[in-house]
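Please keep the sequence and the model in view while reading.

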Amino acid sequence: MWHADQPVQDADIAVVWNAPDALFARERKLRVAFNLGAGVDALFRLPSLPADLPIVRLEDAGMAVQMAEYAAHALVRASRQFDQYEAQQREGVWQPLPEIDRAAWPVGVLGMGVMGARVATALAALDYPVAGWSRSGKTPDGIEAFGGSAGLSPFLARTRVLINTLPLTPDTRDLISFETMLQLQSGAYIINMGRGAHLVEEDLITLLDQGHVSGATLDVFREEPLPAGHPFWNDKRVTITPHVAALSLRRETIAQVASKIRAFQRGEPVSGMVSRDRGY
């Protein structure tokens with residue numbers, strides 16, 4: 001554990017999470033940094049991070065299945081009308097609602113990395129129509145593929161439930177905006193498991209009020225913890241969780257990082273190496 005008041009260690013390798021800028025300012029002999037998470041946007045904001053320092057991120061460590069669970073829970077809760085059944089229970093009402101038509105709930109997953117691909121395949125296994133969008137346009141078998149800026153609008157047009165698993169980069173910041181969400185099918189539903197800065201929160205509130213978006217399940221926010229008095233707290237159309245959609249599991253994380261460190265020390269290729277150009 002690195003502390004600000006300790007002497008320089010001249011370390012070769014850093015294993016970090018929420019690393020202070022002072023670490024990279026003082027440890028100038030680092031050859032690589034291993035990030036204990038999939039998102040590296042916080043690291044890239046540090047002024048002292050050397051431009052040529054290799055960064056390696058976690059690729060799963062038990063997080064992908066958790067994200068699939070989270071997305072499935074949110075999707076099924078919305079599409080199977082469990083919110084309405086909960087309200088009926090509170091009112092003492094016994095009233096079956098119309099049966100689900102999965103074709104009326106096409107799912108679109110933003111991001112087709114390890115996390116997004118697992119989410120997409122899990123929901124496709126529940127017989128929802130699922131499409132994926134990414135820079136490359138690559139998707140797992142059985143998932144409709146859309147890629148690049150040209151593919152975003154047609155992807156949105158066929159989507160009712162928009163699920164975000166993207167990394168945060170300058171290109172993806174504010175991607176889920178009024179313009180983007182307005183292209184979704186009427187009665188849209190938003191599930192954000194990426195980063196809070198992907199979503200323009202005021203635009204979501206506007207489209208909820210207009211009725212184009214019917215609801216949202218949000219795990220990440222522009223300011224965390226979500227401030228007291230934020231409109232989301234008391235909005236029945238919005239379900240909030242405190243950035244817990246996918247937590248790195250300790251055993252899996254240790255095993256993965258240890259394996260990557262051994263590969264790096266042997267001079268072998270290390271998976272999860274971050275591209276500075278892409279930002280992930």
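A residue is called buried when its relative accessible area is under 20%, exposed when that area is over 50%, and partly exposed in between. By this rule K260 is buried, because its relative accessible area is 6%. The structure is a predicted model, and it contains 11 salt bridges. The domain assignment divides the chain into domain 1 (13-60 + 248-278) and domain 2 (64-240).

**The pair K260 and E59**
- K260 and E59 form a salt bridge whose closest N and O atoms are 2.6 Å apart.
- K260 belongs to helix α9 (residues 250-265), while E59 sits in the loop between β3 (55-57) and α3 (63-79), so the pair ties together parts that are 201 residues apart in sequence.
- Whereas K260 is buried, E59 is partly exposed, with a relative accessibility of 22%.

**The pair R237 and D209**
- A salt bridge joins R237 to D209, and the closest N and O atoms are 3.0 Å apart.
- R237 is partly exposed at 29% relative accessible area, and D209 is exposed at 54%.

**The network around D41**
- Salt bridges link D41, R45 and R195 in a network.
- Between D41 and R45 the closest N and O atoms are 3.4 Å apart, and between R195 and D41 they are 3.1 Å apart.
- D41 is buried, with a relative accessible area of 11%, but R45 is exposed, with 53%.

- The C-alpha centres of domain 1 and domain 2 are 30 Å apart, and the contact involves 7 residues from domain 1 and 8 residues from domain 2.
- About 710 Å² is buried between domain 1 and domain 2, with carbon and sulfur atoms giving 46% of this area.
- On the side of domain 1, the residues that lose the most area to domain 2 are D41, D60 and R278, which together make up 58% of what that side buries.
- Across the interface of domain 1 and domain 2 there are 1 salt bridge and 2 residue pairs in polar contact.
- The residues of domain 1 that touch domain 2 comprise 2 nonpolar, 1 polar and 4 charged.

Note on methods
Residues numbered from 1 in each chain as written. Predicted model: local features only at pLDDT ≥ 70, side-chain atom pairs only at ≥ 80, totals over all residues. Heavy atoms only, no water. Salt bridge = Lys/Arg side-chain N within 4 Å of Asp/Glu carboxyl O. Buried < 20%, exposed > 50% of the residue type's maximum accessible area, 1.4 Å probe, protein only. Helix = DSSP H or I, 4+ residues; strand = E, 2+ residues; numbered from the N terminus. Domains from an automatic or database assignment. Contact = heavy atoms within 4.5 Å. Buried area = accessible area lost by both parts, 1.4 Å probe. Polar contact = N/O pair within 3.5 Å; in protein donor to acceptor, adjacent residues only side chain to side chain. Nonpolar A, V, L, I, M, F, W, Y, C, P; charged D, E, K, R; others polar.
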